[in-house]
Amino acid sequence: PVTDWRRVAPLATDASKPPNGMHFMPDVPKLNAMLSAPERAMLGPAQEQWLEQTMAASKTDAVTWRVLGNQVVMASVLFPDLSRTSPLVMMLLERIHPGVGELFAHTRFPIPLNLDQWDGYPAARARLYDMFRRVGGSTIVLSGDSHAAWANELADAQGRVAVEFGTTSITSPNDAEKLRPVGIDFSSAVVARNPDVKWADFLHRGFILLTLTHERALGEFFTVSTIHSKDYSVARAMAFSVTPGDAGVGALTRAT
C-alpha cells in the first residue's frame with residue numbers, strides 16, 4: 001500500500017485514475033466512521049419511538065409475529081470478493097463497462113454492497129436491533145428495492161434478532177445479470193461472503209408468498225418464466241420456515 005499520493009502522482013496522467021498496474025484502496029476505517037455518524041438515520045426519532053411503542057403493544061397483546069414492511073435490505077451485506085476474476089474475463093467486462101476492473105479490485109476489502117440500504121446507516125440499524133431485543137418476541141422484516149430475492153438472518157454481536165425476506169423487482173433487471181455470460185455466479189458469491197445471507201437470487205423476477213400460523217412462518221420464493229409476455233409459468237425456487245419464540249425468532253430452515 002502507498003498511502004502518500006505524492007509518491008505516485010508523477011506516474012499518473014489523470015489524478016482520477018491510478019497509474020498502470022496500481023489500484024486505489026478504500027479507507028475502510030474512515031468509511032465505517034463516516035457511516036456510523038449518529039446523525040445518519042434511516043428513521044426519524046418520532047418514527048423510532050412509534051415503532052417501539054407499537055411493537056411493545058403487540059407483545060403485550062400476545063401477537064405471535066411482528067411483520068415490518070421495509071423499503072431496502074436490512075441485513076449486513078458485503079460485496080463479494082471478485083478481485084481474483086481472471087484477466088481475460090476482466091478485459092471482456094471492461095470493454096462493456098469501463099471501470100469495472102477498479103471496482104472488482106476494491107472488493108477484496110470489506111466494503112458494503114449497497115450504501116443505499118441499511119448498511120449505509122449502521123448506527124440506526126444497531127438502534128433498531130436493540131429495539132427488537134428489548135421488545136422480544138418474533139419479528140419478520142419484508143424488504144424490497146434490491147431487484148433480488150433474499151433470505152437473511154438479522155444479527156448483532158449477541159446473535160439473531162429477526163429474519164428478513166427480500167423480494168425481487170417485478171420487471172426491473174439486476175446488474176448481476178450482466179456477469180452471468182462470463183461465468184460469474186453473483187448470487188452464490190454474495191452468500192459465500194456473508195454469513196447472515198442464507199440464500200439469494202439476483203437473476204430471476206418473481207414474488208414471495210408468506211404464510212403465518214401460530215406455529216411457524218413459511219416464506220416461499222416463486223419465479224416467473226418470463227416478464228415479456230402475459231403467457232408465463234410460475235415455479236417455486238426456494239422456501240424457508242422459521243419458528244417463533246418469546247425471546248426472539250428461530251433460525252431459517254429450508255422447507256420442502
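This is a predicted model: local features need pLDDT of at least 70, side-chain atom pairs count only at pLDDT 80 or more; totals for chains, interfaces and linings use all residues.
Trainee: Is Arg205 buried or exposed?
Mentor: Arg205 is placed in the loop between strand S5 (197–201) and S6. Buried means under 20% relative accessible area. The relative accessible area of Arg205 is 6%, so Arg205 counts as buried.

Trainee: Which side chain makes a polar contact with the side chain of Arg205 at 2.7 Å?
Mentor: The side chain of Arg205 has a polar contact with the side chain of Ser169, at 3.1 Å. A polar contact at 2.7 Å links the side chain of Arg205 to the side chain of Glu177. The residue asked for is Glu177.

Trainee: Which residue has the backbone oxygen that the side chain of Arg205 reaches?
Mentor: The residue sits in the loop between strand S2 (138–143) and strand S3 (149–156). The side chain of Arg205 comes to 2.8 Å from its backbone oxygen. That residue is His147.

Trainee: What is the phi of His147?
Mentor: Most residues other than glycine have a negative phi. His147 is not a glycine, yet its phi is positive. His147 is partly exposed, because its relative accessibility is 27%. Its phi is about 60 degrees.

Trainee: Where is Ala62, with its positive phi of about 60 degrees, found?
Mentor: Ala62 has this positive phi although it is not a glycine. With a relative accessible area of 64%, Ala62 is exposed. Ala62 lies in the loop between helix H3 (45–60) and strand S1 (65–70).

Trainee: How many Å separate the C-alpha atoms of Arg205 and Asn32?
Mentor: Along the chain, Arg205 and Asn32 are 173 residues apart. Their C-alpha atoms are separated by 33 Å.

Trainee: Which residues make the nonpolar surface patch of about 380 Å²?
Mentor: One of them is Phe207, in strand S6 (residues 206–212). Phe207 counts as partly exposed because its relative accessibility is 38%, and patches are made of residues with over 30% relative accessible area. The patch is made by Phe207, Leu209, Tyr232 and Val234.

Trainee: What is the volume of the largest cavity?
Mentor: Rolling a probe the size of a water molecule over the atoms shows where empty space is left. The structure has 2 cavities of 30 Å³ or more. The volume of the largest cavity is about 60 Å³.

Trainee: Of the residues that line the largest cavity, which are the closest to its centre?
Mentor: At least two residues of the lining come from each of S5, S6 and strand S7 (217–224). The lining has 13 residues. The closest to the centre are Ala149, Thr168, Phe221, Phe222 and Thr223.

Trainee: How much space lies in the largest pocket, and which residues of its lining are the closest to its centre?
Mentor: The largest pocket holds about 500 Å³ of space. It is lined by 20 residues. Those closest to the centre of the pocket are Phe79, Asn174, Asp175, Ala176 and Phe186.

Trainee: Which helix gives the most to the lining of the largest pocket?
Mentor: The helix in question spans residues 100–106. It gives 3 residues to the lining. The name asked for is helix H5.

Methods:
Residues are numbered from 1 along each chain as its sequence is written. Side-chain values use heavy atoms; hydrogens and water are left out. Patches are made of residues with over 30% relative accessible area and no salt bridge: like charges are joined within 9 Å, nonpolar side chains (Val, Leu, Ile, Met, Phe, Trp, Tyr) within 5 Å. Accessible areas come from the Shrake-Rupley method with a 1.4 Å probe; for residues, only the protein chains shown count as cover. A salt bridge is a side-chain nitrogen of Lys or Arg within 4 Å of a carboxyl oxygen of Asp or Glu. Helices (H or I, at least four residues) and strands (E, at least two) are DSSP runs, numbered from the N terminus. Buried means under 20% relative accessible area, exposed over 50%, partly exposed in between (1.4 Å probe, protein chains only). A polar contact is a pair of N or O atoms within 3.5 Å; within protein, one must be able to donate a hydrogen and the other to accept it, and residues adjacent in sequence count only if both atoms are side-chain atoms. On a 1 Å grid over the protein atoms alone, a cavity is a set of points where a 1.4 Å probe fits but cannot get out, and a pocket is an open set with protein on both sides within 12 Å along at least five of seven lines; lining residues have an atom within 4 Å of a point. Grid points are joined across faces, edges and corners, and a volume is the space filled by probe spheres set on the points.
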